[in-house]
Amino acid sequence: MLTFIGRRVLSSVIVLLGATFIVYMLLSVALDPLEDLYASSAPNKEQLIESRIRALNLDTPAPIRYLLWLQGAGGCLIGQCDLGSSWVTGQPVINLLSSAIPSTLQLITMSTFLAIGLGITVGIASALRQYTGFDYGVTFMSFVLYSLPSFWVAVLLKLWGAIGFNDFLADPTFSTPAIIGLSVVGGLIWQAVVGGAVRRRAITFAIAAAATAAALAFISISGWLLDPSLGPVTIGLIGVAVAFGVTALTAGLRNRKALYSALTVVALGLALYYPLQFAFQYATFWLIFGMGLACVLSGLIVGFLFGGPDRAQSMRGAAITAVVVGVFIFIDRLMGVWYAYSNSGRISGRPIATIGSQTPGFGGNDFWVLTLDTFTHLLLPTIALILISFASYTRYSRASLLEVMNQDYIRTARAKGLPERVVTVRHAFRNALIPLATIVPLDIAALFGGAIITERIFAWSGMGSLFLHSLEARDANPVMGYFIVVGTMLVLANIIVDFVYAALDPRIRVNA
Amino acid sequence: MTTPTPIAPQPGDHHDLVENTENAIELKEVEGLSQGRIVLRRFVRHRGAMIAAIVLLGIVVLATTSIGWGPIPGWWKHTPQDMSPIANPRGAPTLSFSGGLVVGEHPFGQDNIGQDTFARVMRGTQQSLLVMVIIGALATTIGIVMGALAGFFRGHLDNVLMRLTDMVITIPVVMIGAILGFWVGGASPVTLAVALSLVTWTSMARLVRGEFLSLREREFVDAARVAGASSFRIMFKHMLPNAIGVIIVNTTLLMAAAILLETALSFLGFGIRYPDVSLGQLINEYQTAFATRPWLFWWPGLFIVSIALCVNFIGDGLRDAFDPRQRRIPSKRKMAKG
């Protein structure tokens, strides 16, 4: 095992060294830092060129400059990083990176989680309904999403998602034909997802369409979008639905203890609704984070107290329910500042932002308003990123679940009389996730490079922008800094993938 | 494609009863046909892929004949560069479907200086298709050679070639594409395509290597060697045709990715640049005009999506055609009828 790790790390280091050398040489050929001086008409042109050559050490051959750069970069291993500095702005590359990385992380974190979650859910649903209209629909959609150029989508989102929606907010009412149309579409989607015989489909369609119509009519008449809120009653209803849903998936509704523990958590959340509003006044990031942990813990404790023969199931179900209820209470509080936010001077009724990561010069230090401001800025880039990566997760999870469902042990599980839920969730789903576990680390590592195009269009100053700006400024050091981060991440992710695979799939042996 | 390879059951394949009966039907259908014929027949039956192939052919014909290619003149009255008086207010498209199809003077509209959008989009489509095809051909060739050498000879050569592949994979494609585009920027689309081919061959190399590693253990390779065939003859005459399925499917995926890469780079300003036209460059040029002249933005995007979608669908059809394991199972309703 140790030999394996050693060899793996060694070969990764060699690969990384080779890759940095390739990029460095390419940059030294592609970027000419003297170009602007050759074109200049300054009287002391020769002198300027001379001094820049000396400053950038251009007399030295590129391979030797690479070694010098490597020496500085190698210092990172002993805590003395020197990745050089940008010759245009004079800033050390380390500083540039340390401001760009958090920004990129902020941009990609939510979109990655949402894309993985949504993609797997839709892929699983599509696999379980193989060769139905829904499956074909999802397959077609994922092909379309694969083929969409990200820059085109992003500009469209800016136009429709931001400008269109902001215009709509001036008078947020739906016309009757719009309500009817949307309800029919909603009903059609739901009946396709739920499936079953004609009668069941008809009932699903009717319920879903009626619910959509009622919700839209309510939103339209009450002007909900201008001053949205959920309130304890809605949260309670959502909570109960979530409790039933989560229990049905994780433990089965037959398991009364699991159901009761999930419902208890919902009741607990509702009971704490008003006290929490008070605590929210003093909200900081860490307080909210702690509350999230408290949600998980309380769920686990409630599940544990209910006991029964299968404690773990109750605990898991209750913890998931608790987190969902907590998220809704959080959203409810956030909605509380929506009206004040969207009508404040800087925003003036156009809340969905198209560029940047925060409203410039937006005063105030209220946690909720600032969070909402971040969310409105994150919304469009997040949607753009989800649209791009969602399709591949759907395809992967669908394919891998279909493959697993055809295995012999699934038939064995069915033959011994296990309910279909247990077969799908416990036996098939877990194994279907193994191939995905090998893709996700690589995707996350790739995203560290920033979504170059998305960042450019939404003027997000993360890693992608750093790269593009430096390249355009013929500034090689920041580009190298950018690459060393992305490359290291990718190489690390590759090593992690190897171990994850060996850990998850006992058939794979790690041999030295 | 016309290699007559008998379909022998693979050792180690385990079929259950259902699959066996289905295979029996399938085998009866394709009895006595060459592999190429079987694949063609399955492909033609794939409705989505056939529609995609026809649409793509239509786009290619439209793009090449309308404004002509190189010295050959086309039938369209405008060229991408000439400026004509603005026909509709703000240069709106004259294409309309009310009261029959009316093409008009400028079906896709005009930009603010009176250039014909149809001609420009056609020119952009030509360039993007050209880049796509060159990348598809060149990257596939490099990938096949790399993968075949590594998989066939194994040992040190395999190690060296695969580490090289790893190095190139470690560099994000958009990043190295942007650097290469910056370098050769403003050069012809052919130069850009060649440069991009040098970084997009990696997945093909890995795939071909895997195929060759398993193929080289098969009996027909031993037979060829005993018969005195040289290594290169075995690799490219005996083994390559057996790997052609995965290669063709991967080539289509590569081409779909290539057109998106080229348009993205051109959009960022590192690909094909003004005054030359590509679909991504058009979107970049006109993105600020979206609010006032949306057609300038719609048409190039629509053509990118159509081309990429068609290529993806063709790839899907080819995969189904080459890989009988993933064959389409008739729906429940059809089963009940039959």
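Chain A contains 21 helices and zero strands. The model is predicted. Along its principal axes, the C-alpha trace of chain A spans about 85 × 65 × 45 Å.

Of the 512 residues in chain A, 44% are buried. Contacts were examined between residues at least 6 apart in sequence. Of these, 71% link residues at least 24 apart.

Charged side chains in chain A number 31 positive and 24 negative. The centres of the two sets are separated by 17 Å.

Backbone geometry was then considered. Most residues other than glycine have a negative phi. A:Tyr131 is not a glycine, yet its phi is positive, at about 60°. A:Tyr131 sits in the loop that runs between helix 5 (93–128) and helix 6 (133–147) of chain A. The relative accessible area of A:Tyr131 is 19%. Buried means under 20%, so A:Tyr131 falls in the buried class.

A:Ala459 is likewise a non-glycine residue with a positive phi, here about 50°. A:Ala459 also lies in a loop, between helix 19 (452–457) and helix 20 (463–472) of chain A. Relative accessibility at A:Ala459 is 41%. This value lies between the 20% and 50% cut-offs, so A:Ala459 counts as partly exposed.

Key: Residues numbered from 1 in each chain as written. Chains lettered and ligands numbered in written order. Predicted model: local features only at pLDDT ≥ 70, side-chain atom pairs only at ≥ 80, totals over all residues. Heavy atoms only, no water. Helix = DSSP H or I, 4+ residues; strand = E, 2+ residues; numbered from the N terminus. Buried < 20%, exposed > 50% of the residue type's maximum accessible area, 1.4 Å probe, protein only. Contact = heavy atoms within 4.5 Å. Lys, Arg positive; Asp, Glu negative; His and termini not counted. Charge placed at Lys NZ, Arg CZ, Asp CG, Glu CD.
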